[in-house]
Amino acid sequence: MKGTVKVDESLCKGCGLCIPVCPKGLLGLASDRFNARGVHPVELIDPLEACTGCQLCATMCPEAAITVYRAVAVAA
């Protein structure tokens, strides 16, 4: 895994602007739950751990609800 995405569901307004900018198509609206705003929040759908940590989703998010973490290579 190179990267991962964490969504602060309390901030997400479910606008979906982050979904089409993900080059790997790893984001989608959660169909099984609502947040406090009454919308389906965005979630990372990455069973193959394909996220590169590019941060395009976080850059696009108007609510700053997305944080991207990148794996750090450890020197042996």
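Guide: Arg37 is partly exposed, because its relative accessible area is 43%; here buried means under 20% relative accessible area, exposed means over 50%, and partly exposed lies in between, with a 1.4 Å probe and protein chains only. The model is a predicted one, in which local features need pLDDT of at least 70 and side-chain atom pairs count only at pLDDT 80 or more, while totals for chains, interfaces and linings use all residues. Residues are numbered from 1 along each chain as its sequence is written, and side-chain values use heavy atoms, with hydrogens and water left out.

The place of Arg37 is the loop between S2 and S3. Helices (H or I, at least four residues) and strands (E, at least two) are DSSP runs, numbered from the N terminus. Apart from neighbours within four places in sequence, Arg37 touches Ser10, Leu11, Cys12, Lys13 and Glu63, where contact means heavy atoms within 4.5 Å. Ile19, by comparison, is 18 residues from Arg37 along the chain, and the two C-alpha atoms are separated by 19 Å.

One of these contacts deserves attention. Side chains of opposite charge can pair when their charged atoms come close. Glu63 and Arg37 meet through their side chains in a salt bridge, at 3.7 Å from N to O. Glu63 lies in the loop between H1 and S4 and Arg37 in the loop between S2 and S3, so this pair ties together parts that are 26 residues apart in sequence. A salt bridge is a side-chain nitrogen of Lys or Arg within 4 Å of a carboxyl oxygen of Asp or Glu. Glu63 counts as partly exposed because its relative accessibility is 28%.

By this rule the count comes to 5 salt bridges. Another of them joins the side chains of Asp32 and Arg33, with 2.9 Å from N to O. Asp32 has 61% relative accessibility and therefore counts as exposed, whereas Arg33, with a relative accessible area of 26%, is partly exposed. Arg33 also forms a salt bridge with Glu43, and the closest N and O atoms of that pair are 3.2 Å apart. The pair links distant parts of the chain, since Glu43 is in strand S3 and Arg33 is in the loop between strand S2 (27-29) and S3, 10 residues apart. Glu43 is partly exposed, with a relative accessible area of 23%. Together, Glu9, Asp32, Arg33 and Glu43 are linked in a network of salt bridges.

Cys61 counts as buried because its relative accessibility is 18%. From Cys61 to Ala50 there are 11 residues in sequence and 20 Å in space, C-alpha to C-alpha.

Most residues other than glycine have a negative phi. Glu49, however, has a phi near 50°, a positive value in a residue other than glycine. Glu49 is placed in the loop between strand S3 (42-44) and H1, and with a relative accessible area of 47% Glu49 is partly exposed. Gln55 is not a glycine either, yet has a positive phi of about 75°. Gln55 is likewise placed in the loop between S3 and H1. With a relative accessible area of 38%, Gln55 is partly exposed.

These parts can now be set within the whole chain. The protein chain has 1 helix and 4 strands, and along the sequence they follow the pattern β-β-β-α-β. For 76 residues, a compact globule would have a radius of gyration near 11 Å, and the 13 Å of the protein chain agrees with this; the radius is taken over C-alpha atoms, and the globule rule is 2.2 Å times the number of residues to the power 0.38. The C-alpha trace spans about 45 × 20 × 20 Å along its principal axes. Buried residues make up 29% of the 76 residues. Among the contacts in the protein chain with a separation of 6 or more, 61% are between residues 24 or more positions apart.
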